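Here are my notes for someone opening this model for the first time. Keep the structure on screen and go through the points in order.

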Amino acid sequence: MPLIELTSQGFYCAAGNFYIDPWRKVDYAVVTHAHTDHYTANCKHYLVSSAGRHVFESRLGPRADIQTLPYGETTSINGVKVSLHPAGHVLGSAQVRVEHKGEVWVVSGDYKLQADNTCTPFEPVKCHTFITEATFALPIYKWSPAEEIFASINAWWRQNQKHGRATMLYGYSLGKAQRLLAHVDSSIGPIYVHNSVEGMNDAYRRSGVKLPETKTLAQLQRSEWSQALIITPPNGLTTMYGDVSTAFASGWMRTQSMRRRRSMQKGFVLSDHADWEGTLQAIAASGAERIGVTHGFIDVLVRWLRGQGYEATGYATHFSAASTGEGG
Ligand SMILES: [Zn+2]
């Protein structure tokens with residue numbers, strides 16, 4: 001029996017009797033990160049990275065039984081060695097390393113290789129079997145350096161101010177919003193955020209991540225409208241004081257069809273996932289010969305890997321269809 005198998009509840013390690021990122025309630029869930037397509041509420045027990053403690057507490061509530069583990073430290077679950085390693089996706093995101101009887105598997109969760117001041121950078125972990133995400137595993141997905149994206153966001157904000165328009169940037173409340181906040185030039189003007197973003201900002205700040213001053217939308221004054229940068233999840237804003245220029249910050253902005261579907265005026269291609277090259281780089285760095293592929297363009301990546309001589313398997317999970325899930 002493989003060390004980790006896909007069941008109707010999620011990835012399961014029978015030897016240790018625990019799940020990784022289950023989508024149904026289970027007794028023991030090891031969770032890679034706190035995006036809604038990776039955790040389920042009301043599990044009896046959670047194991048997450050120490051770096052993710054405040055984020056998980058904020059999402060799971062005070063009654064959840066959450067055990068934390070620092071990156072790189074090993075714990076034992078029913079005799080199976082488990083450790084968590086930085087995935088560079090959002091604060092606290094972890095790859096899960098599972099070792100039993102000399103066999104090592106790593107479940108990546110979501111990850112990116114690009115730099116991001118708000119979380120610990122991705123670290124390759126050697127293993128025999130690597131289960132990778134494939135959210136943007138198509139050659140058309142190739143990210144520009146993040147500094148270029150932030151520079152164009154700053155320029156757009158200044159431009160909007162000149163034309164008397166507010167600047168509204170749509171981004172998911174966990175991860176993307178804080179990455180935007182940490183990298184935009186906060187000297188340009190006041191920054192307002194949706195309540196769900198501010199909740200996550202609190203968790204980040206309590207975790208020691210430096211973010212610029214933010215105010216919630218309820219505090220937004222008419223007099224500041226045209227100077228403001230507003231960061232909110234899509235459809236998060238209710239009050240409008242005047243003209244506004246909107247844009248979505250997501251890897252999905254790379255593809256025109258998605259941009260049209262969201263009928264945005266503008267899009268910034270900024271993703272918290274690996275692009276095609278990044279995915280291949282992470283796979284190579286794992287040293288694994290067996291690759292499991294999940295979340296996204298599974299078939300394309302499986303075919304490509306087999307062509308390169310890898311033993312590759314697609315895992316069609318609950319969330320397997322390429323979606324615009326959180327953190328895109
Ligand atoms: Zn994610």
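Where does Asn 78 lie? In the loop between β7 (74-77) and β8 (80-86), and point 2 comes back to this residue.

1. Some housekeeping. This is a predicted model, with local features needing pLDDT of at least 70 and side-chain atom pairs counting only at pLDDT 80 or more, while totals for chains, interfaces and linings use all residues. Residues are numbered from 1 along each chain as its sequence is written, and side-chain values use heavy atoms, with hydrogens and water left out. Helices (H or I, at least four residues) and strands (E, at least two) are DSSP runs numbered from the N terminus.

2. Asn 78 has a phi of about 50 degrees although it is not a glycine. At 56% relative accessibility it counts as exposed (buried means under 20% relative accessible area, exposed over 50% and partly exposed in between, with a 1.4 Å probe and protein chains only). Asp 21 is not a glycine either, and it has a positive phi of about 50 degrees. Asp 21 sits in the loop between β3 (18-20) and β4 (28-30), but at 9% relative accessibility it counts as buried.

3. The aromatic rings. The structure holds 16 aromatic pairs. For Phe, Tyr and Trp (its six-membered ring), a pair needs ring centres within 6.5 Å; planes under 30 degrees apart are stacked, over 60 edge-to-face and the rest tilted. Phe 136 and Trp 143 have ring centres 5.0 Å apart and planes at 80 degrees, so they pair edge-to-face. Both Phe 136 and Trp 143 are buried.

4. A pair across the chain. With centres 6.1 Å apart and planes at 85 degrees, the rings of Tyr 141 and Trp 252 are also edge-to-face. This pair links distant parts of the chain, 111 residues apart: Tyr 141 is in the loop between β11 (129-134) and α2 (146-162), and Trp 252 is in the loop between β16 (244-249) and α5 (256-261). Both Tyr 141 and Trp 252 are buried. Ring pairs link Phe 136, Tyr 141, Trp 143, Trp 252 and Phe 297 into a cluster.

5. How do α6 and α7 pack? Helix α6 (residues 276-286) and helix α7 (residues 298-307) have axes 13 Å apart, at an angle of about 50 degrees. Axes here are lines fitted to C-alpha atoms, for helices over the stretch in contact, and angles run from 0 to 180 degrees between N-to-C directions. That makes α6 oblique to α7 (under 35 degrees is roughly parallel, over 145 roughly antiparallel, 65 to 115 roughly perpendicular and the rest oblique). On the α6 side the contact (heavy atoms within 4.5 Å) is made by Trp 276, Thr 279, Leu 280 and Ile 283, and on the α7 side by Val 300, Leu 301, Trp 304 and Leu 305.

6. More on α6. Its buried residues are Trp 276, Gly 278, Thr 279, Leu 280, Ala 282, Ile 283 and Ser 286, and they pack against β11, β18 (290-296) and α7. Ser 286 is at 1% relative accessibility, so it counts as buried. Beyond its neighbours within four places in sequence, Ser 286 is in contact with Val 125, Lys 126, Cys 127 and Phe 130. Glu 277 also has its place in α6, but at 47% relative accessibility it counts as partly exposed. Just after the helix, Gly 287 takes a positive phi of about 70 degrees.

7. Helix α1 (residues 53-60) and helix α4 (residues 195-206) have axes that come within 8 Å and cross at roughly 150 degrees. They are therefore roughly antiparallel to each other. His 54, Val 55, Ser 58 and Arg 59 in α1 meet Gly 199, Met 200, Ala 203, Tyr 204 and Arg 206 in α4.

8. Is Ile 191 buried or exposed? At 4% relative accessibility, Ile 191 counts as buried. Its place is in strand β13 (residues 191-193). Leaving aside neighbours within four places in sequence, its contacts include Trp 157, Leu 181, Pro 212 and Leu 229.
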